[in-house]
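Q: I am new to this structure. Can we go through its features one at a time, with the general idea before each case?

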Amino acid sequence: MLETGPLQSSNMELLKKAILQPGPPEKFALQTVQEVIKPQRQTKLAQDENQLLENMLRMLLQELVSSSVQSGEPIMEYGKSIDDGETTLGQIPHLLDVVLYLCEREHVEGGMIFQLLEDLTEMSTMRNCKDIFVYIESKQDILGKQELFARGKLVMLRTCNQLLRRLSKANDVVFCGRILMFLAHFFPLSERSAVNIKGVFNTSNETNYENDPPPGLSLDFNFYKTLWSLQEHFCNPASLTLASAKWQKFTSSLMVVLSTFEAQPLSEEEGDANSLEEEAATFNIKYLTSSKLMGLELKDSSFRRHVLVQCLILFDYLKAPGKNDKDLTSESMKEEIKSCEERVKKLLEMTPPKGKDFLHKIEHILEREKNWVWWKRDGCPPFEKQPIEKKMPQEGTKKRKPRWRLGNKELSQLWKWADQNPNALTDTQRVRTPSINDYWKPLAEDMDPSAGIEPEYHHKNSRVYCWKGLRFSARQDLEGFSRFTELGVEGVVPVELLPPDVRSKYQAKPNDRSKRARKEDSKSGAHQVEETRSGVPASENDGEGNKVDIETSAAPMEADATVSTGNISQGGTPTPEGDQKQSPDAEVGQEAAQLEADAETETGVIDGETDADVDLEAVS
């Protein structure tokens with residue numbers, strides 16, 4: 001009980017009258033403190049002034065709590081009123097808001113709000129503490145600010161731990177979970193105060209069960225004792241590696257339980273009837289151990305999962321690496337763990353409802369738990385990393401390039417991985433060429449107008465993407481690759497990937513295919529002509545050589561034309577009979593001559609003649 005003098009009592013009445021007036025705290029909070037305390041500085045209190053204000057606020061809080069208890073109203077609703085249709089806060093929440101505002105603006109010491117919250121929880125019943133904790137959760141973001149957190153984190157931790165000691169772990173499971181979740185969000189992830197560094201187990205959590213069978217029990221009492229005796233080993237898994245006798249006892253008891261579960265599988269109807277996924281279902285952290293309930297518990301899918309998941313947690317602990325030499329498991333124990341773990345997982349998969357999904361989630365949780373195990377064994381290094389300051393190079397100094405073992409960073413890293421994993425370079429999945437459809441699918445989606453992709457984000461703008469795609473098409477889709485010269489990179493995309501309204505633009509026509517085929521045949525004929533030209537003497541000058549080449553390539557065409565003159569009318573129009581009698585060799589010769597003339601046309605003027613002269617000479 002804090003003692004007060006006459007002057008302090010008058011100041012407290014003034015403080016009570018001013019603070020409890022309605023309205024936001026920023027309108028009157030600082031002015032009221034200045035009138036009551038009369039600080040040396042106008043905006044920030046000194047140490048002794050902070051202590052004086054804290055004593056006055058604690059006495060005021062105690063008075064309000066006493067008044068609310070006498071009135072029979074909940075603490076957080078005492079003094080609540082409705083003015084003009086608006087509901088005002090109770091007096092105690094309003095007082096806390098004023099103090100929180102002063103702490104946030106650094107007018108008073110930052111730990112004052114935490115001290116008031118601790119006093120309030122100590123003076124309240126558990127029913128009122130739930131309402132107080134709702135207020136704490138609503139102000140979590142403000143209380144977690146760095147200027148307040150550094151001053152009051154230990155007080156808040158002490159307050160929450162005291163609440164957890166007062167709560168029942170069996171009846172107040174939800175409230176305990178809310179407190180733990182608040183601490184997990186309030187403190188940083190690397191906070192060591194909530195970490196069990198030494199890995200000590202809670203051996204005080206004992207499970208009591210019956211030792212003598214009650215009269216008239218129809219169930220096998222030995223199985224009942226065997227099932228509940230497993231909790232002794234689940235409570236302290238480290239003891240199994242110290243004595244082989246305990247491990248043998250555990251495995252024998254576990255085999256009995258697993259065999260019973262396998263002999264009495266649950267049906268889908270039983271699993272749905274006892275599912276805990278219903279909204280009205282209640283969750284308990286411990287099951288009743290009465291022998292009369294054993295028959296019902298064996299039909300409960302959640303009870304079976306409870307036991308089987310405990311087995312997986314124990315196996316995961318025994319297999320965890322990084323233990324001391326005395327805690328390591330032997331080879332025979334590892335084999336037994338592996339066989340038992342397979343049986344447990346199979347039973348979890350068979351247990352309805354949704355056994356496969358449940359097993360997948362449990363495996364995922366246990367896999368993530370390994371990261372936390374390594375983090376604790378490495379000394380809980382902080383996750384927060386400060387940004388690296390970029391050092392500006394001094395003027396006139398050259399920056400040395402890093403030297404890599406194999407020339408660049410990527411090859412050196414690949415070689416490093418190969419040292420750690422000998423199968424890295426021989427893995428068949430390391431290098432895999434995608435199919436044409438898979439590779440060109442992103443570009444086909446870009447070409448769809450309904451997709452609404454802006455042109456600047458199309459894949460065709462990436463030179464590396466287009467270059468790789470052309471290489472794949474040249475190896476796997478030669479017909480599509482041939483459309484590149486006419487339609488660009490979008491023409492190489494397989495037609496079946498394109499949308500219907502775009503497909504007609506890039507789909508090859510039948511006459512185009514026949515022209516392309518004749519063009520390829522003409523290329524082969526031109527190759528034969530090149531071989532014929534290779535016998536021309538090199539002593540002739542360039543101009544004469546070009547002219548001889550043109551005359552040589554035109555000679556077969558003239559000979560064939562002479563043979564077929566009888567089939568051509570005087571007007572120059574060939575008859576159908578002439579078309580039928582014209583040999584394929586003549587057609588190839590004509591196309592080869594035309595191709596050769598086109599090639600000479602691209603190079604410009606040949607031996608002083610124009611392109612038109614070359615064409616006329618080729619067809620004459």
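Q: Where is His107 found?
A: Helices (H or I, at least four residues) and strands (E, at least two) are DSSP runs, numbered from the N terminus. His107 is in the loop between H4 and H5. This is a predicted model: local features need pLDDT of at least 70, side-chain atom pairs count only at pLDDT 80 or more, and totals for chains, interfaces and linings use all residues. Residues are numbered from 1 along each chain as its sequence is written, and side-chain values use heavy atoms, with hydrogens and water left out.

Q: Is His107 buried or exposed?
A: Buried means under 20% relative accessible area, exposed over 50%, and partly exposed in between (1.4 Å probe, protein chains only). His107 has a relative accessible area of 13%, so His107 is buried.

Q: Which residues does His107 touch, not counting residues up to four places away in sequence?
A: Contact means heavy atoms within 4.5 Å. On that count, His107 touches Leu30, Thr43, Lys44, Leu45 and Leu102.

Q: What is the phi of Glu106?
A: Phi of Glu106 is positive, about 65°, although Glu106 is not a glycine. Glu106 lies in the loop between helix H4 (91-104) and helix H5 (112-122). Its relative accessibility is 44%, so Glu106 counts as partly exposed.

Q: Which other residue has a positive phi without being a glycine?
A: Lys354, with phi near 55°. Lys354 sits in the loop between H15 and H16. Lys354 counts as exposed because its relative accessibility is 55%.

Q: Which residues does a cis peptide bond join?
A: Pro352 and Pro353, with omega about -5°. Pro353 belongs to the loop between helix H15 (331-350) and helix H16 (355-377).

Q: How many helices and strands does the protein chain have?
A: There are 27 helices and two strands. Of the 620 residues in the protein chain, 34% are buried. Take the contacts with a separation of 6 or more: residues 24 or more positions apart account for 66% of them.

Q: How are two packed helices described?
A: By the angle between their axes and the distance between the axes. Axes are lines fitted to C-alpha atoms, for helices over the stretch in contact, and angles run from 0 to 180 degrees between N-to-C directions. Here, helix H6 (residues 126-138) packs with helix H8 (residues 146-166) at an angle of about 145°. Their axes are 12 Å apart.

Q: In which hand does H6 pass H8?
A: A crossing is left-handed if the near helix is turned anticlockwise from the far one by less than a right angle, and right-handed if clockwise. H6 passes H8 in a left-handed crossing. H6 brings Met126, Cys129, Phe133 and Ile136 to the contact, and H8 brings Met156, Cys160, Leu163 and Arg166.

Q: How do the residues of the contact of H6 with H8 divide?
A: Ala, Val, Leu, Ile, Met, Phe, Trp, Tyr, Cys and Pro count as nonpolar, Asp, Glu, Lys and Arg as charged, and the others, Gly among them, as polar. The contact has seven nonpolar residues, no polar and one charged.

Q: How is a pair of aromatic rings described?
A: By the distance of the centres and the angle of the planes. Rings of Phe, Tyr and Trp (its six-membered ring) pair if their centres lie within 6.5 Å; planes under 30 degrees apart count as stacked, over 60 as edge-to-face and the rest as tilted. This structure holds 18 aromatic pairs. One of them, Phe234 with Phe250, is edge-to-face: 6.1 Å centre to centre, 75° between the planes. The pair links distant parts of the chain, with Phe234 in helix H10 (residues 221-235) and Phe250 in helix H11 (residues 244-263), 16 residues apart. Phe234 and Phe250 are both buried.

Q: What angle lies between the planes of Tyr439 and Phe472?
A: The angle is 85°, and the pair is edge-to-face, at 5.1 Å centre to centre. Tyr439 lies in helix H18 (residues 436-446) and Phe472 in helix H19 (residues 463-476), so the pair ties together parts that are 33 residues apart in sequence. Tyr439 is buried, with a relative accessible area of 13%. Phe472 is buried too, at 16%.

Q: Which residues do ring pairs link into a cluster?
A: Phe133, Phe149, Phe175, Phe182, Phe186 and Phe187.
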